[in-house]
Amino acid sequence: MNTSNPLMVRKLLVDLSQGFPRHWLAGKAFRTQFFNALSMSFPVGEQDFIDSVREAALSLPAEADHSSLRATIQDFIGQEATHRRVHSLYNAELEKQGLVNHWQYWTADQIELGRQRNIPALSKLAVTAAFEHCTAVLADLTLRYPEVMAGAEPMLQTLWNWHAVEETEHKAVAFDLYRTLGGSYKTRLRWYGYAMLRFTVMATKQTINNLWHDRVLFKPSTWIDAARFFFGRHGLVWLTAGPLFGYLKRDFHPWQHDNRELAEQWLASNSEQYAIVRGLAPVDLAA
Ligand SMILES: [Fe+2]
Ligand SMILES: [Fe+2]
């Protein structure tokens with residue numbers, strides 16, 4: 001594939017200091033706490049993505065033909081750094097609401113373990129590429145099915161959609177770097193299995209913990225909402241299974257599923273919600 005894609009760093013124009021309702025997602029406890037759990041993972045998790053891409057990029061040979069990939073990596077870092085900052089403010093509000101972010105420590109422990117075991121840079125990059133795929137699948141779902149965010153408090157709806165747009169835009173950056181550095185198919189699959197398992201366990205544990213602190217863990221309505229969220233008409237399980245398994249294909253590339261129009265549509269109809277900080281750099285999808 002030989003395509004290019006504009007990639008920008010944007011500042012989101014929302015004021016999280018004013019707070020938001022406890023059940024900001026249509027008054028539904030389960031899905032609110034699920035998205036809150038994801039937000040809790042981002043400041044530490046996305047810093048790890050930045051670090052792994054930065055470390056792996058040091059191995060790029062100093063050749064001019066990687067200049068567009070290098071520029072894209074800079075913008076990837078810019079986007080993820082902005083996400084971290086915004087989700088830190090979001091998480092500060094969650095703390096005020098009485099929730100406890102455990103996920104950040106679980107991730108920090110894993111990073112430290114990786115350091116102690118001298119996990120190679122290319123393997124850490126494979127983990128990042130795996131998480132980026134998972135994030136891109138959730139981002140596609142958020143943008144494609146307005147039902148997912150229907151009834152959400154407008155500021156948080158904007159925040160999640162903006163994050164989904166940028167995850168879509170940069171979904172191939174870690175993957176392209178991995179491929180350019182000669183990462184193998186077997187290693188990519190092995191770390192994908194690890195990342196999916198880790199994501200599922202952590203997301204489950206943190207969501208349950210949030211529901212506990214929210215005092216709704218044992219309410220039947222919580223679990224009715226959970227069943228609908230995962231297995232309903234636009235259930236997460238049905239909508240994500242295909243794209244998640246798609247990563248297992250030997251010739252997989254994130255842009256085989258070209259969903260740029262979803263991101264472009266949101267950006268065009270919400271231009272008052274963000275300011276462009278930096279852009280445009282070409283995304284080298286053929287690297
Ligand atoms: Fe992000
Ligand atoms: Fe990302």
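1. Confidence. The protein averages a pLDDT of 93, and 94% of the residues score at least 70. Over residues 281-287, however, pLDDT stays under 50, although the model has 28 contacts beyond four places in sequence for this stretch. Where pLDDT is low, the predicted coordinates should not be read in detail.

2. Helix H2. This helix covers residues 67-96, and its 30 residues reach 44 Å from the first C-alpha to the last, close to the 44 Å expected at 1.5 Å a residue. H2 is followed by Gly98, which has a positive phi, near 100 degrees.

3. Helix H3. Residues 103-116 form this helix of 14 residues, which reaches 20 Å from its first C-alpha to its last, close to the 20 Å expected at 1.5 Å a residue. Just after H3 comes Asn118, where phi is again positive, at about 50 degrees.

4. Asp140. This residue belongs to helix H4, residues 121-144, and it counts as buried because it has 21 C-beta neighbours inside 10 Å, where 20 or more are required. Leaving aside neighbours within four places in sequence, Asp140 is in contact with Thr168, Asn259 and Leu262. Its C-alpha atom is separated by 8.8 Å from that of Glu167, which is 27 residues apart along the chain.

5. His257. The loop between helix H9 (236-246) and helix H10 (260-269) holds His257, which counts as partly exposed because it has 15 C-beta neighbours inside 10 Å. The C-alpha atoms of His257 and Pro243 are separated by 9.0 Å, the two residues being 14 residues apart along the chain.

Technical notes:
Residues numbered from 1 in each chain as written. Chains lettered and ligands numbered in written order. Predicted model: local features only at pLDDT ≥ 70, side-chain atom pairs only at ≥ 80, totals over all residues. Helix = DSSP H or I, 4+ residues; strand = E, 2+ residues; numbered from the N terminus. Buried ≥ 20, exposed ≤ 12 C-beta atoms within 10 Å, placed from the backbone. Expected span 1.5 Å × (residues − 1). pLDDT = per-residue confidence, 0-100. Contact = placed C-beta atoms within 7 Å.
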